[in-house]
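Below are some questions and answers on one protein model. Please look at the sequence and the structure first.

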Amino acid sequence: MKTITYTITDELGIHARPAGQLVKNASAFASNIQVGTPAKMVDAKRIMGVMGLAVKHGQQITLTFEGPDEEAAAAALQEFLQTNL
């Protein structure tokens, strides 16, 4: 299992557009990917779950990866977060 922690720097937090992009990126991998805050974790491949987190600017999120391509998934989503959020 691989884990990433990231602090959201986007002023709007995780709103509709980046949430959709996050789900699209996560869905490209076979691994089970969870995203969330200390209070709640959801499937990163489900838009309603990601939107339901209501992550704001400055909040910290954690992504966990478990599966056959977890290393590649973690690297790709780490890059996505740094570029977009």
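Helices here are DSSP runs of H or I with at least four residues, numbered from the N terminus. The model is a predicted one.

Q: In which helix is Ile-47 found?
A: Ile-47 belongs to a helix that covers residues 47-52. That helix is H2.

Q: Which residues make the nonpolar surface patch of about 290 Å²?
A: Patch members need over 30% relative accessible area. Ile-47 passes because its relative accessibility is 35%, which counts as partly exposed. The patch is made by Ile-47, Met-48 and Met-51.

Q: Which element gives the most residues to the largest nonpolar core?
A: This core has 25 residues, and Ile-14, Ile-33, Val-35, Ile-61, Leu-63 and Phe-65 touch the most other members. At least two residues each come from strands S1 (2-7), S2 (32-37) and S4 (60-66) and from helices H1 (16-27) and H3 (70-84). With five residues, the top contributor is H3.

Q: With which residues is Ile-14 in contact, leaving aside neighbours within four places in sequence?
A: Ile-14 is among the core residues that touch the most other members. Beyond those sequence neighbours, its contacts are Ile-8, Ala-19, Val-50, Val-55, Ile-61 and Leu-85.

Q: What is the N to O distance in the salt bridge of Asp-43 and Arg-46?
A: A search of the whole structure finds one salt bridge. Asp-43 is partly exposed at 25% relative accessibility, and Arg-46 is exposed at 56%. Side chains of opposite charge can pair when their charged atoms come close. For the side chains of Asp-43 and Arg-46, the N to O distance is 3.8 Å.

Technical notes
Residues numbered from 1 in each chain as written. Predicted model: local features only at pLDDT ≥ 70, side-chain atom pairs only at ≥ 80, totals over all residues. Heavy atoms only, no water. Core = buried A, V, L, I, M, F, W, Y, C linked by side-chain atoms within 4.5 Å. Buried < 20%, exposed > 50% of the residue type's maximum accessible area, 1.4 Å probe, protein only. Contact = heavy atoms within 4.5 Å. Salt bridge = Lys/Arg side-chain N within 4 Å of Asp/Glu carboxyl O. Patch = residues over 30% accessible without salt bridge, like charges linked within 9 Å, V, L, I, M, F, W, Y side chains within 5 Å. Areas by Shrake-Rupley, 256 points an atom, 1.4 Å probe, with all protein chains shown as cover.
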